[in-house]
Amino acid sequence: MIDILSKNLPILVVLCPLITSLFVVLIPNIFFSWILTTLSTFLTFLFSILLYQDIQIHSHISYALGKWMPPIGIEYIIDKVAIIPIIIISGISFIATIFAYKIMPEEIEKKSISKVYSLWLLAIAGLLGLVTTGDAFNLFVFLEISSLASVALVAMGAQKDKQALVAAYNYLIIGAVGATLYVIGVGLLYGITGTLNMEDLTNRISDLNNNKALIAGFGFMIIGIMVKAAVFPLHIWLPRAYAYAPSAVSVLLAATATKASLYILARILFSVFENSEKLINNTLLYVILPLSIIAMFAGTIMAIYEKDIKRLLAHSSVAQIGYITLAFAIGTKASIAAGFIHMFNHAIIKGGLFIAITSLGFFIQKRVTINNLSGLGRAMPITFFCFVLCSLSLAGLPLTAGFISKLYLIKATISSDAIWIAILILISSALSVVYLWKMIEVMWMREERKIVIKENPSIYISLIIITFFNVYFGLDASLIVNGSFEAAEKLIGDLK
Amino acid sequence: MISSTIGIWNYWIVFCLMMIGLFLVIGRKNFLKKIVGLTIFQTSVFLLYITFGKIKGGTPPILNETIDSIYSNPLPHVLILTAIVVGVATTALGLSLVLRINTEYGSIEEDDISAQDLVDYHDDIETGKSVDLKFKQ
């Protein structure tokens with residue numbers, strides 16, 4: 001039994017949420033459907049921890065789906081790179097599910113809660129499949145599973161605010177165009193190479209360096225993935241989708257959804273196309289680097305002027321995605337490692353901030369704006385304390401996880417002789433303090449509210465867990481730093 | 001020259017459909033027309049794949065004792081079967097969202113809806129109507 005389990009771990013990570021989502025929809029009771037969802041996400045997390053241990057021994061697991069041998073059959077690949085987003089997605093989704101118990105019935109009518117949990121699991125399964133699969137077309141299917149499920153989840157926010165519908169609609173249309181562009185790219189590559197397996201693609205495109213179809217296919221794939229990853233000019237769907245989604249859904253999406261796509265972006269850039277060096281270097285220098293720098297500033301400045309708190313955090317996500325793509329764009333081993341470190345840290349930071357804001361918003365009937373936060377800091381000390389810690393982590397103060405990622409990012413830029421980029425990163429981080437301080441000031445310094453709010457343990461337990469990780473990885477980051485450096489070495493080690 | 005242009009006739013059709021679809025998605029303000037555009041855009045990609053899979057004089061790829069004839073590649077067709085399912089799901093979800101938007105807003109024109117949203121946003125944030133909170137104990 002255990003033998004079968006350990007042999008099939010790569011597919012179990014995807015199948016566990018996928019299959020339970022079919023059963024959750026049948027359970028009418030809110031509590032039991034939540035229990036089943038929690039169990040399923042916990043099992044998924046357990047499987048991914050087991051996978052992590054396997055990876056330390058084997059360093060590369062290839063799983064042939066249905067025993068059809070790759071490159072003909074669909075292959076699931078798990079290596080030291082893929083394990084980072086797997087851990088992020090499964091871990092955060094477990095924490096977010098714990099958090100959802102109390103918050104979900106507040107915003108969604110009782111009869112549709114089990115359906116929401118079913119969509120929730122489908123979205124998680126889609127994201128995990130996206131990360132594990134080694135087949136370019138299978139990736140498209142998972143891309144659509146995750147994005148259709150997240151669109152439906154965002155639309156569930158309509159019971160609180162009807163703008164959620166428009167947000168979901170825009171997310172759907174932009175996401176579907178992105179996914180279709182990706183399919184065009186895969187089609188062109190299939191046309192010239194005759195394979196869909198990513199490792200096989202790498203080998204077959206090595207002698208096609210100046211083929212125009214290759215360049216076109218590459219462009220389509222990259223643009224398609226960049227839409228999903230919300231890289232700067234293609235991020236339009238993100239702020240609204242995060243702001244109007246039900247609170248628990250914002251937590252899940254903000255922490256996980258773009259991370260999977262960013263990982264795919266890294267894999268296409270550095271693994272699938274590793275042999276067309278000139279193409280990649282030009283793309284990094286002339287497309288991704290400028291866009292990331294603009295994203296850093298545009299996201300931060302939009303956040304400074306925003307008054308709706310959830311939108312503010314979403315704009316700040318755009319800026320943080322800018323840091324990650326900037327790290328990829330520099331393209332050295334150290335900077336790619338910094339990108340993965342920040343990918344992990346951003347997941348725990350943004351997860352924590354969204355949980356804190358929605359717990360504050362839990363007591364506010366309508367939209368959480370900067371004005372109606374006033375004085376809540378004193379009324380809800382535990383939530384506020386965690387919120388401040390996560391904010392400091394986002395700003396990158398020492399002893400928090402955010403500091404580690406900024407440190408490695410700046411070290412990497414300086415070591416590759418790009419001091420001006422390091423300066424821009426510092427300016428942008430300094431600007432991010434403006435919007436964080438704006439929230440803290442309103443919550444703490446304004447007049448005290450004459451209210452007593454009993455903080456609910458089932459809400460703040462997940463906040464405390466995630467804040468603990470923010471501090472823990474600030475004090476001892478060896479786990480994630482080593483993992484990221486191994487991942488970066490796996491991605492570009494044999495190239496440079 | 002002419003034969004090579006006509007030889008890639010399918011690709012011209014694909015190209016035209018793709019651009020028509022993309023234009024509808026970007027240029028139209030009506031939510032329903034955007035979905036029509038999206039469907040055309042996706043269909044053009046299906047055609048692209050099918051064209052890849054076709055070879056001149058190719059037969060259906062059925063396993064015989066003796067395979068001596070040229071046969072078409074079956075894989076693009078199978079992939080497109082999957083993509084069609086995804087496309088149907090996308091269209092269905094999009095249409096149901098448009099239906100809900102129509103009942104909530106009474107319109108499916110982007111301009112009307114963003115005007116209504118702007119009023120709501122202004123009410124919420126600038127005038128501070130929602131500052132007056134109801135707190136749950």
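1. Let me begin with helix 11 of chain A, where 25 of the 26 residues are buried, so the rest of the structure largely encloses this helix. Buried here means that 20 or more other C-beta atoms lie within 10 Å of a residue's own; exposed means 12 or fewer, partly exposed is in between, and C-beta atoms are placed from the backbone. Helices (H or I, at least four residues) and strands (E, at least two) are DSSP runs, numbered from the N terminus.

2. A word on what you are looking at. This is a predicted model, in which local features need pLDDT of at least 70 and side-chain atom pairs count only at pLDDT 80 or more, while totals for chains, interfaces and linings use all residues. Residues are numbered from 1 along each chain as its sequence is written, and chains are lettered from A and ligands numbered from 1 in the order in which they are written. For the complex, the predictor gives an ipTM of 0.88 and a pTM of 0.91.

3. Back to helix 11 of chain A, residues 247-272. Its 26 residues should span 38 Å at 1.5 Å a residue, and the end C-alpha atoms are 37 Å apart, which agrees; the expected span is 1.5 Å times one less than the number of residues. There is still a bend of about 40 degrees at Leu253(A). The bend at a residue is the angle between axes fitted to the seven residues ending there and the seven starting there.

4. Helix 4 of chain A (residues 83-107) can be checked in a similar way. Its 25 residues should span 36 Å, and its end C-alpha atoms are 34 Å apart, which agrees. Helix 4 of chain A bends by about 55 degrees at Ala100(A), and 20 of its 25 residues are buried.

5. Next, a helix pair within chain A. The axes of helix 6 (residues 136-155) and helix 7 (residues 163-193) of chain A come within 9 Å and cross at roughly 175 degrees. Axes are lines fitted to C-alpha atoms, for helices over the stretch in contact, and angles run from 0 to 180 degrees between N-to-C directions. Helix 6 and helix 7 of chain A are therefore roughly antiparallel to each other. Angles under 35 degrees count as roughly parallel, over 145 as roughly antiparallel, 65 to 115 as roughly perpendicular and the rest as oblique. Among the residues that meet are Phe137(A), Phe140(A) and Leu143(A) from helix 6 of chain A, and Tyr171(A), Leu172(A) and Tyr182(A) from helix 7 of chain A.

6. In the loop between helix 6 and helix 7 of chain A you will find Asp161(A). Asp161(A) is partly exposed, with 19 other C-beta atoms within 10 Å. Not counting residues up to four places away in sequence, Asp161(A) touches Tyr244(A) and Arg367(A); two residues are in contact if their C-beta atoms, placed from the backbone, lie within 7 Å.

7. How does helix 6 of chain A cross helix 4 of chain B? Their axes come within 11 Å and cross at roughly 10 degrees. That makes helix 6 of chain A roughly parallel to helix 4 of chain B. The contact includes Val141(A), Leu148(A) and Ala152(A) on one side and Leu79(B), Val86(B) and Leu93(B) on the other.

8. Chain B has five helices and zero strands. Buried residues make up 22% of its 137 residues. In helix 4 of chain B sits Val98(B), which is partly exposed, with 17 other C-beta atoms within 10 Å. Leaving aside neighbours within four places in sequence, Val98(B) is in contact with Phe31(B), Leu32(B), Ile35(B) and Ile108(B).

9. Ala230(A) has a positive phi, near 60 degrees, in a residue other than glycine; Ala230(A) is buried, with 27 other C-beta atoms within 10 Å. Leu399(A) has a positive phi near 70 degrees, and Leu399(A) is partly exposed, with 13 other C-beta atoms within 10 Å.

10. Finally, confidence in chain B. Its mean pLDDT is 81, and 81% of its residues reach 70 or more; pLDDT is the predictor's confidence in each residue, from 0 to 100. Confidence is lowest in helix 1 (residues 2-7) of chain B, at a mean of 66, and highest in helix 4 (residues 75-105) of chain B, at 92. Over residues 128-137 of chain B, pLDDT stays under 50. Where pLDDT is low, the predicted coordinates should not be read in detail.
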